[in-house]
Every structure is written in C-alpha cells, then in structure tokens.
Amino acid sequence: MVQNKILQSFRTVRSGIIQNSSPLGLIGLITVSVIIILAILAPWIVPHDPFKIDATNRLIPPFWVVDGSMNHILGTDHLGRDILSRLIYGGRVSLLVGFLSVLIAGVIGLFLGLISGYFGGTWIDQFIMRFVDAMLAIPTLLLVLVAIVVFEPGIVTLILVIGLTSWAQYTRLVRGEVLSVKEREFVQSATTLGASKGYIIRKHILPNVLSSFIVVSTIGIATAIMTESSLSFLGLGIQPPDITWGGMLNDGRNYIATSWWIATFPGLAITITVLAITFLGDWLRDILDPKLKKGGDADE
Amino acid sequence: MKKIKVISILMIFAIIISACGFSDPDSTSDKEGETNGYELLTIANPADITTLDPHNNNVITTSAVLVNIYNRLVARDENGEFIPELATEWEKVDDTTWEFKLNPDVTFHNGDAFTAEDVKFSLERVAKDTTLQQNSTFRQIESVNVLDDTTVQIITGEPDPQLLSRLATPAASIFPAAHFEEVGAEEFFANPVGTGPYKYSAWERDDQVELVKFADYFAGEPKWETVHFSVVPEDSTRVSELLTGGIDIAFNIPTADMERIDENDGTHVALAPIQRVIQLWLSTEEGEPTADPKVREAIELAIDNQVIIDEILLGSATPTRTHVAPGNFGADESLYDTYLYDPERAKELLAEAGYEDGVTVEISVNNYYTEMAEVVVGMLAEVGITADIELIEQSQFANRLFGEDLDEGVFVGWGNDMFDGSVLELFKSDNVTSYSNPEVDALLEEAAYNMDEEERADQYKQVQQILAEDRAVVYLFQLEGRYGVNDRINYAPRLDELYYVDEITLSE
Amino acid sequence: MPTNDVLLEVKDLVKHFPVAKHRNQQEKAVVKAVDSVSFNVHKGEILGIVGESGSGKSTVAKLVMQLLEPDEGQILFHGNDIFKESRKERIETKKQVQMVFQDPYSSLNPRMTAKEIVTEALIIHKKIAKKEVDNKALELLEEVGLGKQHLNRYPHQFSGGQRQRLSIARALSLKPDLIVCDEAVSALDVSIQAQILDLLKQLQKTYGIAFIFIAHGLPAVKQISDRIAIMYKGKIVEMASSDEIFDAPKHTYTKKLIDAIPPSHPKYRKDRMVRED
Amino acid sequence: MSYLKRSLLQVIPSLLLLTVIIFALVYVAGDPVSSMLPENATSEDREILAESLGLNEPFYVQYFQYLRSMVTGDFGTSYQYQRPALELVLERLPATLTLSLMAMLIAIIISIPLGILAALKRNTFVDFLVSGISIVGKAMPNFWIGIMLILFLAVQIQIFPVSGADTPAHFVLPAFTLGVALAAEMTRLVRASVLEVIEEEYVQTARSKGQKESIVISKHVFLNSLIPVVTIVGLQFPQLIGGAIVVETVFAWPGIGRLLLTAIETSDMAIIQTIVFVIAIFTIVVNLLTDLVYRVLDPRIKYN
Amino acid sequence: MSKNHTGPLLSVNHLVTEFETRGKNNITVVDDISFHVNEGEIVAIVGESGSGKSITSLSIMGLLKNGGHVTGGAILYQGTDLLKLSKKERRQVRGKEMSMIFQEPMSSLNPMLRIKSQIAEAINIHQPAKSKKQVQEKVIDLLKQVEIPDAERVANRFPHQLSGGMRQRVMIAIALACEPKLLIADEPTTALDVTTQAQILALIKDLNKRRGTGVIFITHDLSVVADIADRVVVMYQGKIVEEADVFQLFDHPQHAYTKKLMRAMPTIEKKAGDSHAN
C-alpha cells in the first residue's frame, strides 16, 4: 500500500513534469537539485579547504579579472579563503536552516491550523487564533532577534528560533483552508457515510489543504534563508567557522566597493536559490492540483 | 490600454523626478554664504553617545564627545602628558592630600562662575554615588575640601599615585553645583551645562549630537560655530558619506577602504596609535590544555603578528609583547615593537607537551575583532592547534567577561584610559583572568599605593617581564585609530581617541 | 398505507438560524428555516420535496442526514428517534441513510479516484477486504452505468452527469434504505437530468430503496415521485400524490409553481393567442 | 460600530498573550546588571544592583509587576539611557513610521501600475519582465540592495544623499530599499488579482455595453482587484517594520530599529519589551484599519 | 449600418471560432455555422454544455477571451460585416446596436458600484450628450420598464442587496439602455427559481413584442424554447444540426440529437383536456 502510494506520487510528479513542463518550474527544480547535490557532496568536490585561512593570499579576484587565477575560480575573501569552496559549503547550512526551520514551523502550523480550522468557532479555535494574532503582530525578524539574544547564535538555535517564531502564518493559512474545505460537500458527504473526525481530517481535509501549504512552505524556506542573512548582517547570525551565505555576504559588506566578489557571489547564491525555490513552489502547486492531471477526458 | 500604460510610466518618472528635485540640498546650501569655513564640522561615529553624564559612562566614543562640553581639573596633551585645564597648578601635600589651584576666570555655559564648590560637588558626586558607572574609579577620594574659591584639597583614603590620572579622565568632569542642585540630575542632563569650548545644543538620538561655540570659553574663543557628532553605524555608509563630502571625519574606517579614501579626491586617511592593545588571554586553570606553559608558548610562537598587521590592518598597528605602551606610566619599551614567531619551535613545544596530534582550545572573541581573530585561528591551525572561536557581541562581551562566562582563551582589545601600568591589575589574583601569581600580586599591590614614581615604574616593568614569560596573556599589537578625513581640515588623531574639536583646524 | 411500512417519520421539526442583529433591533433575529414540518417516507417510496431557494428544503435534508441538530421535533427512522440514539446506533443509522448532493463539482473529493470514492464508506465501516476493493468498486460503477475505464480517474475527469452517477454509486455502496437527493439534477443539462432520474427510478425498483428527492421545480419531481410535498417559507404547504398535486392543486403557492412551468410544446404557450394576433 | 467593538475585544487576549511571550523571552535573556556597571565592579555591587531592580523575584511576580506598571503606562526605565523606555521608543517611532509609510507608498506606486501592466500583457515579454523583476526584487537581501544603492546612486552619480533623515531626498534610498520586497510582493498580487477580476462576468458586462477597454480596466477591474491587495498591505506592515531594523542600520536612520539593536546588544529589557509591544499595538491598529478600509471599499460588507 | 437595410437584422455566415492552446493544434469550438435573426424575432440556440452555443454569442458580440478567435466566416449586422470593423467601430456597435445578458446574475454586475451607476454607464457611453438629470430619469425609467417595483430605491442599491431575479432584471435594463435592435441572452434563467424564470421569460417576451427587439436566446432547456422562441437553432458539437420554426421543431424533430432532447423533456401537461390542443 505504502509502496503503491509512493509509486503513485512518483507517477504524479513525473506526469506533472512531462505535461506541465513550465520551463521556469523545471529550471527551479534543476537548480534546487543541483544546489542540494552540491551541498551534500561538498566535502568531496570543493577545490580548497573552505576554512583554510591564508592572510597572504587574501582578496584575490575571480579568474576573469586581472590578477585573478584559475586556482581560485571565484577568488578569495578577506581572509584568503576560497570563495567557491565556501559557497558550496555555505549552501549546506543555508539550506539546512531553510528546510529544518520550515519543517518545524510547518509541523506546528499545520497541526494547530488543522485543529483550529476543524473546531472553527470553538474556544480552542479562539485561543489558537488569539495566539496566532499575537505572534503575527510582531515582525518575525524582531522576534528572532529577541530570541537569538536569549540563546547563543548557532545553527541549532537559529533553526529552532526561526521555526518557533514563524509557525503562525502557516496556522492561519491552514485554518483558512480547512474552514473552506470543511464547507465543501464532499466533507459533509463523508460525515453522512459515518466517517470519524480523525478520518475526515486525515483523508479529506489534509490532502486538500496540503498543496497550498506546500507552496507557502517553499516560500518559507526562501524567507528563512533571507532571515538568516539579515541576522548575519546584524551580527547575530550563525557564527564562524560555520559557513552560511548570509555570513559570507556579511563578511563582504565592507569590501563591496573594493573587492566586489566577496559579497556578490553569496548574494547571487541567495538570490538564485530563493528564485529557484519560488519557481519550484509555483510549479508544485500546479502539479499537486489533480485538476491538471491528464488522462481520459470526460465522455458522455 | 494605452492610457494605462502611459499613466504607469508617468508615475514612475514622477517619483524619480520629484526625488531628484530634492537631492543634495545641504551640500549646496552649506557651501553658499560661507565666510571662513568654520561654520560646521561633522564627525561621524559608528555609535551614538550613550549619555551626557560623564560620571555615568564607560564608553570611549561618548567621552570623545563629552570632553568638548565639560572640563576637568587636569587633562592630557596629545602625547599623554598632564596639562592644566580648570586647575592652574597642583601639588601633593602629603601621600593622601593633594591641593589644586583653580583658574578664577572660568564661567559655565549658563553664566555661573566656576568655583571650588563646583569641584567639591562634582568629584564627591562621582566618588560617593555608587550607582554611577565611574564610581569605582573615584572611590579612592574620601573628600574634597574647599579652602577658598580657587583652592581645593582632595583627600584620598590610601596613598594614590594615580590620582592625577583619575582626574584627567573625562569621568572627572566638573558640573556647576548650584545649577545642578537646583534643577536636579534629570533636567541637568537634558540640558547639560559645562565649562568646555562648546555648548550642548541638541541630541537627536541615534542621529546626531549638536554642539555650538561657547564664545566665552576661558581659554579663548573656539574656532567652530557648530559641531555635529553624527551616528552612522554601517562602516560602508560612513565611508560613503565621507567620500561624498557629507561628513568631515569618519571614525573607525575599514582597512579595506583606506586606499579608496586616500585615492579619492578630497579625502585622506589619518592614522595614529591608540591605547588599545589586542591580546589573547589564556587560562592557566588546572585541566585546560593551556594550563601547560608549553602550549601557551606554542600559541605565542605560532602567531605571526606582522602578517596580521601587514595584511589585515594594512600596517596600522605596532606589534607588542606588553599592554603598557610607550607614553604610559611604567612602560617596558623592551617589550614594545617586537614579537616572537617560530612555528617550528611551536610544533616542538606542542609535541613536548604531548600534543603531537594536535590540541583544541576554545576562544571567546569580542566580535569587534573577528577578522583578526580568524586569522589567528588560521595561524594556530598551521602548527596543529585547533581553535574553536565563539564570537561575542561587543556590548555583551563585558557582561560575559565579568560573569566569568568565557572560554579558556579570550581574544580582546583592551584600552588604558589611565595611561598607567595599573592596567596590569587585570592579572591580579581573583580578577577576571584566571591567572594567579603571588609575585605579580605583591608587585601590583605595592605599586598601587607607591608614591615613589621610579620604584613604582620599576614594579610595573617587573610585572610585564613576568607576564611575558608566563604567557597568561599573549599580546599581539597596539592598534592605530583609523580616521577618514576630509582634505579641507587638519586632523591629528589622539592616543586617547578623544576629539578635542578645537585642535581641528581648516587646512590652507 | 399501513404504518408498519413507514421508514422515516418526521414530526414537528423546527430549525432556526440566528442572523446578525440589526442596529435597532432588540430581539435576536432568526430565520425560521424549518418551521414545524412533519412528513413520512414509506419503504421503497420516492417522496419529492419542492420549494424555491430559501424554502427550507435543504435544511430538512441536512436534518435527516444528521448534519444538523433540530431545535424541536423528532425524526424517527425505523421507529427510533435518531437524535436520541447512542453513538453506535447513530453510525448504524448513518449507514442506512445516504445522500446525493446538488453540486457534482464540490461533492467529490478532488484528490480521490473514482475507486476510492465509491468504496470509501465500505472501508470506513470495514466491510471490505483490501483485495476486494477493485472488484467491489467496479461492481458499484457498473451499477450506475460507469465502467472499468473509470476506476482510477479523478472527479475532474468526469462530466457533471458522470459525477452524479459516482455520487449515487457511493451512496449505494452501503445498501441503504433511504437516499436523500438534494437537488441532485438541478445543475445538469436537461438530457442528462433525464438519464439520472431514470437511474434513480431503476434503483428504487431493483433494491426497494426509498428516496427523498428535493428539487426547486416541479417537472423533475413529477416524473419520479410517488408523493410530492410543497415547501414554502419553512413550512409544508401541501402534500399529496403526484397526480393530485398537478390535477387539483389546493394551495395558491402550488398553483403558482405549476403556472410557472414552461410548456413542453409551443402550442401550450400561455400567450400564444396574444402572439398570433 | 459593533464590528469595531468586537474587533477591539478580540485584541485584548492577543495583547495579553503577547505580554507573556515578550516577558518570557526577555526574562530568559536575563542579566542586565553587568552592562550597567563599570568593567571593574565587584560581585557585591552586582548583587546590590540586582536586588534594587527586583531581579531576584520569581518569574510570575516579575510578570505581574511588569503588567501592573504597564497598565499605568510605565514600561520601565532603560538602563542604558536612564530614561523611561516608552518615552525613548515614542521618540523614535515617528522616524520608523515615516520610513515605513514612505516605503509602502513607493511600493504602491511601483506595484499597482506594473501589476496591472503585467496582467494586461499576460504571457508577453512585458509580463515576463515585470514578473521576473518582482521575483528578483523579493529574492535580494535588503541590506545588499541598500549598500548597492548607496554606492551607485549616492557615491557614483551622487543624485541622492547617502544617509541621515534631514530632507525629503533623504527618504528616497532607504524607503526604496525597504519598499522593494513589498513592491515585488504586491506586483505579483496585483497581477494575480487583476487576472482574476478580469475574468469576472461583470467585466464582460461592461464590455458588452460598448465601454472602452481603458475605462473597463480603470472602472471595473482596478477597484475590484484592489481589495485583496489592501488586505495584504495590512498584513505586510509588521514585516516592513522588521525590515526597517536592517535598513535603518544601513542608512543611519534614527528610528526604532536602531534603538532596538542597541537595546539588544546591551540587554536593555525595558526598551526591548516596549518596542515589541508598541510595534505589536501598531500592527494591530494597522490591521484594524485595513479591515475598515476593506469594509469601506467593499459594499458587500459595508451594507450587510 | 445602413438605416434602410432590408435583409435580416443579423446573419451569421459560415462562422468558425477557434481557441489557441499552447503548443498544440487549435481547438475549433464553433465549426462553420450559419443562421440569421430577423428584426423582432426570437431565435433560440439550443445545445448542451460545450456545444458551442455560448461561444457563438460571444463571437457575435466580439467578446471572446482566453485565446478565442473568429477564424472564418462573416457576421453581418444589417448588412455590415462586423468582423471587418475596427476595434473602435466594433465597440460602438456593442451596447448601442446589440447587447447581452449573461447566465449568472450574481456575477454579471460589478459588486462595487451602485445599480444606477451601472445602468447610467451604459447610457453615457453612447449618449454622452445627455445631462445628469436626463440620465437619472432614464435609469429610473429603464428600471420601471423591467418591472422593478420601487425603482428609485433599487437604483441606489448595490447588486448584493438584490435577489437573483432582480439582478437579472437590472441586467436586462442595462442591455436595453440604448434600445438595441438585438439582445443576446445567454442562459439568462438557468440560475433562477422556476417562478422567477417565468417572470423573466415573460419580461423578455414582452420587450420583444413592445419594442421589436430581436433576441438570440441561448438555452439547454427545450421547455424554455417552447415558451419563448419563434425559431430554433440546435447546436451539437460546434455545428448546427437543425434549424426550424419552433412549431415545426417540436412537431417534427429531424435530428437524432433533437429527438433525444425532446424525449428528455419532463412533461406535465396532460394530452387530453388541453384547451389549446388543435
């Protein structure tokens, strides 16, 4: 059964790729895959030790610029570290922060949203929604900032903090979706079949809520990566020697005018990743919509 | 359809044009109607002043501003020598009594005449009020006795060889006693009154402090009409402001921009040594790898001070093996402008200590010095020492330090606003460092109350030698202050990092 | 008809909905959606309920389906008051009363295949082993005139009429005694409507299932119903056999409804005489 | 009116929960004592100070004290500035609000025409370009945009001042930097909204009257597509203020964000609490306002 | 548009409408159809969903969207081929010469605007010379013409405050604002209750009779056709399969599809005892 499900969803995705071959979606998918693969394989493919500091080889420009060398294709930073290697390593942490924090926020948000939506109008719903309002009334960055002071900045802290402070938007989204799905007749129809609450949530509500949830989650990943870089800018991000794109961007901020490459490449990496994830999200929404699945038109 | 398109394009143009219309109003308006160029001086700091109360301040950038509003009895010249300010002369009556003759022709900004009562009030305030941040520096003062309008005696509890140094810090500023008591502290610091060359005009928080000329300044009419200490936290923005002529002096510019500023038409970089010495404290506590003197020595030998100075600081520092730099009391110049570097020997030492396969030390770093610390980490790695660094926000650093919540290694830049060897008291037992050496303790204790200058200086020199041998601290270098300066003015940065605005002149 | 033939008995059913209070209204305003409604459904009978939008006919359906709780009154199914039953009994009742909804586009979960939809009730009530699912699903689909090729399709791949067939197959799966059709053909093209009505009639004959057939117009109901109830503003204003309603309508509203029915041939036009002048 | 009353009542539990969240966070953040004393103070000094500040009381006592004084308008005193925190925050609030409003204005001015243009030219090069720019605009960290703008527009071509908050020209770069992400978001939203509305039958009705396409768009599409946009603008407001923390640092803008950063660096509890609270209240007010605007805009809600 | 034109009001000749689909062949939705409407005549187009009947009406109005294009044939209105007109000329035909009402009275009125301004808009477009007061009077007059009671009050309301039937009356008022010669009604009663449907049908018939407006009435419901049409065009899969006088069609349906439709019609009249039977 499980295998069937997996096979089926694989087929779904595959047919989605073939039939809704939005080029942007495909570009997004490929880009994200490449970044993930690079991140996983980082230790084996980086041309240099990304942590190796060499003060005498600092600020070497990329190879196509005068004074650049093929040894450091994208140049070196202000401490003489190889930028390409650091970019590849940085992707690890940035993606980890993005995915895991959204996972945390998503799980909490989905859970509370389902409860709140299903029990819409009751005191449970009221309580959850007031909590959501409270969370949403504070800018996420501000919440993260305050929280980061409490705990020491680090990868785990950051993931936890971003995750625990950004669930409210998911709750709100999921609740809204649940409320609207709940009114659809097929849910009533399941009730008339004698289905239990748990069954209805699991089988009817959740699958119909999931697609917009997934789309918003992909955007959440992008937002988390941006939040991390903003924190790095404010000096409260992930600490060296851990490498993140935000941290690299921040390292380079004083060199933008003199050694542009230090900040430009991580900046590009963030932008490209966020773009790719956004494309991927839009595209996921399309392929997760069964209405766009082909196969046998109505005949009568 | 067409109309919509036209409208949208027009809208976008409208923003751009309206924006351009406003652009650059101050740079043009300032230049016009200019008579002598002394109308406005703008100095940009990375942080705002924290208070207008010098007694309740321990931030150097705040002092740098406040010294223009208030005066002390004595001051230091640009080389660190004592010079008269509100006091015309002083003498040591006995080991615990000092007598000061005051300048009779001084008036406060509000017109009040400066008298001995003001000195008594001000110094006793900072010496007695334990809630003030500078209280501990002045606790030595038992009382201030007014002999007549222009004579005071300061009585210390113990013999205090550093009294003059204390009185020369900005924290010893003198307030108008009658006015202060009349309006109360809150109102006083909302509109502070001092005797300095510039009067307080406005403080727009996180934006700028505005001072204006005090024409009746006792030492002669000040040069500048208005002085702005503006706050530009982002380094690159501060440099940009300097390059576009928005400011005259930009403090603490990134080394990366030094060349740009020098090459830019109309700006240059001014460098001068400051009291700050970058140092790495190493725990000698039992159980830590750094408890082994060989490891500590290896660390010192692994660091190539000159490479950091040349590559990261572009030459704007001097290597040192002591905190007490020349110009300070008790400096051991044999330890200055020198460093030890021998990575091969460092490896040997590690092997001797049983760490052939490497050793890991944890270092807490004040994030102000991240870049240098990271290079040090790289150098330590070369000889087989893995340094895990934890960056600590500049302002959190002190908390963590005094909460004794730091790692075995501490990478820190430490100033010396007393210009005295007493700064070494950091290494007295039961202080923030873990170091404990009875010999050092005894020397420092004696020196603290020793009124014999020569002997006292010698005691400090001995301490410096012992520390250089024990390596509970590895000194790296004395920093230079890096200021970006507009070519229209002459500005020579000072050792104490203070801005004496009146020393800044227009260039010809 | 003898009373032991009664499958469903609705007694004095009342359901009010609160509406937002108006500024200068003191009392709580309510909509009397169902206002003291009583009727019986006999075994194997098709009862048509006709009323325009807002007449309360859908609320009656929801009450019968236990999707709503009544404010007053009783609903007896096989003689038991369904709102006083235990949880377990209620589930039993639910199995025996099924529903086909109006909107063929929202009454089917877009993420389930036809197979999953029609066998869902069986799986919920654990009446079927996993390997039987395909066979049972096919059986049900064939019952409503669909075939093997439809098993793994999603609802959006069906036409409106086919979807309504799916809904009926789903309702049939538990072999219920009563199926409530709430405007089940209103959204369909006329020719499709006829097919669905035929299907229902056939199911009634084959399995003896009773139907409550709700519609907003008389024509559809006339064709299929044994008896017809006319609802107007929350009340049943007239209830009689299908022929009686058309031959001798008593209530003025019933007459108005009949009057509004378009002719089946231009020759029955009411204004024909005028037009030909 | 009853709507307003109801909304206001709903706000109260949220605010209470908010105070708990804030207080808990700041409580854990803990020890402000060290930052208040000079570098060489003794541990007795620390103890005395902690005692005098009531920092040795248990959590709930401190919370209720906090709540009680807050109700009376006392948000505590900043250690760093030795002044009432509320006063400090309110002093900076106008700068941040002006910046945020300017950013929002810029975002609106940019996004509405571009969004409409993209929708009307759907699937053409123009649409692709606009959508592309807007996605990129959202994907760039705003401090990066800010530093770049300074380098090019202020240092290279010198058409705008670098930093500070003196003249209208000073607004342009920071407000633009802050508004870019919102503009990008809104452009996409306006586009989607217009595309949706343009499919509505009443638009066909207007065309069937023989109305000019430009008037069809301005009269029938524009206003209707504005409704979801208004809602988003309200929801985005807190994120805008969040962005201001970064932008204020880049452009030396003397607002609440800078105050917050200083406060965070010095663990100035009172200021942090007050800022979070004031921003939250502001957000709630803005949300109420957008709700009202929404009600005014949409007669379906207004006349019900 | 020549005033003294003598032929049919509208004649559609070999009309072909296609829709673009990305990357694939175009879909032909209306496939070479021809029919005409005389002045004062009600022509019903009957067909099931997807038969192309609505697309035909949109093609005539020039309101095709989503990649739909007329790719062949001619649409002659009083002898002028509408397809050869410029966009502007085409627009001026809409509303003034021919107008349209839609199926969904819920969504065919702009929810943001008051009833009066939506009707006034239709007047202002083609008769800009009218003063505000004249327009106002005309609005009320139109509302009265479509038998809306309390016209002054309704004029000031928003669409959502009206019932479905009232909205459809307002739509008809808008369509009639400039007294067009042709009214296209696309399933105008499908979403309405039976009694409301009867009223709207009566209204359309009445307007047709009193003003001589030609009507194209699109529906899937033969009984509505029986009630209203003079002539019937039956469409099936984009083609016209039958065209006949309404009596002829009901008495002698030719095409199999027509017959199927006929069979599906629910009948309520009793054959015997019908006074009109002849």
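This report describes selected helices, residues and chain pairs of the structure above.

The structure is a predicted model, in which local features need pLDDT of at least 70 and side-chain atom pairs count only at pLDDT 80 or more, while totals for chains, interfaces and linings use all residues; side-chain values use heavy atoms, with hydrogens and water left out. Residues are numbered from 1 along each chain as its sequence is written, and chains are lettered from A and ligands numbered from 1 in the order in which they are written.

**Helix H15 of chain B**

Helices (H or I, at least four residues) and strands (E, at least two) are DSSP runs, numbered from the N terminus. Helix H15(B) covers residues 438-449, and its twelve residues should span 16 Å at 1.5 Å a residue. The expected span is 1.5 Å times one less than the number of residues. The end C-alpha atoms of H15(B) are 17 Å apart, which agrees.

Buried means under 20% relative accessible area, exposed over 50%, and partly exposed in between (1.4 Å probe, protein chains only). In H15(B) the buried residues are Val440(B), Asp441(B), Leu443(B), Leu444(B), Ala447(B) and Ala448(B). Seen down the helix axis, the buried residues of H15(B) fall within an arc of 170°, so they line one face of the helix. The arc is that of the directions from the helix axis to the C-beta atoms. These buried residues pack against helix H16 (453-470) of chain B. At the start of H15(B), a side-chain oxygen of Asn437(B) comes to within 3.0 Å of the backbone nitrogen of Glu439(B).

**A helix pair in chain D**

Two packed helices are described by the angle between their axes and the distance between the axes. In chain D, the axes of helix H6 (residues 125-139) and helix H8 (residues 168-198) come within 7 Å and cross at roughly 140°. Axes here are lines fitted to C-alpha atoms, for helices over the stretch in contact, and angles run from 0 to 180 degrees between N-to-C directions. Contact means heavy atoms within 4.5 Å. Among the residues that make the contact are Val130(D), Ser134(D) and Ile135(D) of H6(D), and Val180(D), Ala184(D) and Arg188(D) of H8(D).

| Residue | Relative accessible area |
|---|---|
| Leu498(B) | 4% |
| Thr171(A) | 0% |
| Leu199(C) | 5% |

Leu498(B) lies in the loop between strand E18 (489-490) and strand E19 (505-506) of chain B. Leaving aside neighbours within four places in sequence, Leu498(B) is in contact with Ile60(B), Ser63(B), Ala64(B), Val67(B), Pro170(B) and Tyr491(B). Pro170(B) is 328 residues from Leu498(B) along the chain, and their C-alpha atoms are separated by 9.3 Å.

Thr171(A) is part of helix H7 (residues 167-183) of chain A. Its contacts, apart from neighbours within four places in sequence, are Ile108(A), Gly109(A), Leu112(A), Gly113(A), Ile128(A) and Val132(A).

Leu199(C) belongs to helix H6 (residues 190-207) of chain C. Not counting residues up to four places away in sequence, Leu199(C) touches Glu143(C), Val144(C), Arg165(C) and Ile168(C). The C-alpha atoms of Leu199(C) and Glu143(C) are separated by 9.2 Å, with the two residues 56 residues apart along the chain.

**Helix H8 of chain A**

Helix H8 (residues 185-192) of chain A is mostly covered, with seven of its eight residues buried. Among them are Phe186(A), Val187(A) and Ala190(A). Just after H8(A), Gly194(A) takes a positive phi of about 90°.

Chain B and chain C do not touch, and their nearest C-alpha atoms are 36 Å apart. No contact joins chain B and chain E either, whose closest C-alpha atoms lie 13 Å apart.

Methods:
Polar contact = N/O pair within 3.5 Å; in protein donor to acceptor, adjacent residues only side chain to side chain.
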